[in-house]
Amino acid sequence: MGSIAKKGLQQYLLQLQQHPLRTKAITAGVLSAISDIVAQKITGIQKLQVRRLLLKVLFGVAYLGPFGHFLHLLLDKLFKGKRDKSTVAKKVLLEQITSSPWNNLLFMVYYGLVIEKRPWIQVKSNIKREYPKVQYTAWAFWPVVGWVNHLYVPLQLRVIFHSIIACCWGIFLNLRARSMVLKKA
């Protein structure tokens, strides 16, 4: 069994080297699926909501994977590949004041408008109420992840590391979005 896992990992790393954007996009989609399935089960949804699941996969493949790919390339270019603690602190700070608020806001808009098909006025109201809580929680959680990612993880694996952690974060966001819906009902 160990050799199958080892071969699978080797093949994955080869795909990551040969087709980094595609591999990161597919990985983000798969992890988005896992995150949504877990969130659906935790919230007590009995029958898997396939439409919702596919829309979450689409978000992962079309946005999360590519965004992470280009963000990490840009950060590495801006900071000339440096990984000293001062540079890592700057990278984490830049990430937290730019991509973190944007990603959380975009997810909440996408979830409300596309996944749940709610009218903009309702989505806007829910974001106004819930977004600060989500973002403050993100600022308590993601800087540690960013620090570890930028300091210890090689550039080609940063999006993958981030995506694995984001799988858990996605469960939190799903539960937060679900609680917004339950409050309205």
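Buried here means under 20% relative accessible area, exposed means over 50%, and partly exposed is in between, with a 1.4 Å probe and protein chains only. That is the scale for Lys80, which counts as exposed at 69% relative accessibility.

Before I go on, a word on the source. This is a predicted model, in which local features need pLDDT of at least 70, side-chain atom pairs count only at pLDDT 80 or more, and totals for chains, interfaces and linings use all residues. Residues are numbered from 1 along each chain as its sequence is written, and side-chain values use heavy atoms, with hydrogens and water left out.

I will start with the loops. Lys80 sits in the loop between α3 and α4. Helices here are DSSP runs of H or I with at least four residues, strands are runs of E with at least two, and the numbering goes from the N terminus. Lys80 has a phi near 50°, a positive value in a residue other than glycine. Lys117 is another such case, with phi near 55°. Its place is in the loop between α5 and α6, and Lys117 is exposed, with a relative accessible area of 61%.

Gln46 belongs to the loop between α2 (20-42) and α3. With a relative accessible area of 70%, Gln46 is exposed. How far apart are the C-alpha atoms of Gln46 and Val134? They are separated by 26 Å, and the two residues are 88 apart along the chain.

Now the helix pairs. Two packed helices are described by the angle between their axes and the distance between the axes. The axes are lines fitted to C-alpha atoms, for helices over the stretch in contact, and the angles run from 0 to 180 degrees between N-to-C directions.

Take α3 and α4 to begin with. Helix α3 covers residues 50-78 and helix α4 covers residues 85-97; their axes come within 11 Å and cross at roughly 135°. That angle makes α3 oblique to α4. On the cut-offs, under 35 degrees is roughly parallel, over 145 is roughly antiparallel, 65 to 115 is roughly perpendicular, and the rest is oblique. The α3 and α4 crossing is right-handed. Right-handed means that the near helix is turned clockwise from the far one by less than a right angle, and left-handed means anticlockwise.

Which residues make the contact? From α3 they are Leu71, His72, Leu75, Asp76 and Leu78, and from α4 they are Lys91, Leu94 and Glu95. Contact means heavy atoms within 4.5 Å. By class, the contact of α3 with α4 has four nonpolar, one polar and three charged residues. In that scheme Ala, Val, Leu, Ile, Met, Phe, Trp, Tyr, Cys and Pro are nonpolar, Asp, Glu, Lys and Arg are charged, and the others, Gly among them, are polar.

The other pair is α5 and α6. The axes of α5 and helix α6 (residues 120-152) come within 9 Å and cross at roughly 145°. The crossing of α5 and α6 is right-handed. On the α5 side, the residues include Pro101, Leu105, Met108 and Gly112, and on the α6 side they include Trp120, Val123, Tyr131 and Trp139. The contact of α5 with α6 divides into 12 nonpolar, four polar and one charged.

Two residues of α5 are worth a look. Ser99 lies in helix α5, which spans residues 99-115. Ser99 is buried, with a relative accessible area of 8%. Not counting residues up to four places away in sequence, Ser99 touches Phe67, Leu71 and Leu94.

Leaving aside neighbours within four places in sequence, Gly112 is in contact with Lys117, Arg118 and Val123. From Gly112 to Lys124 is 12 residues in sequence and 8.9 Å in space, C-alpha to C-alpha. Other buried residues of α5 include Asn103, Phe107, Tyr110, Tyr111 and Ile115.

Last, the cysteines. A disulfide is a covalent bond between the sulfur atoms of two cysteines. Here the rule is a pair of cysteine sulfur atoms within 2.5 Å, and by this rule the count comes to zero disulfides. Cys167 counts as buried at 9% relative accessibility, whereas Cys168 counts as exposed at 51%.
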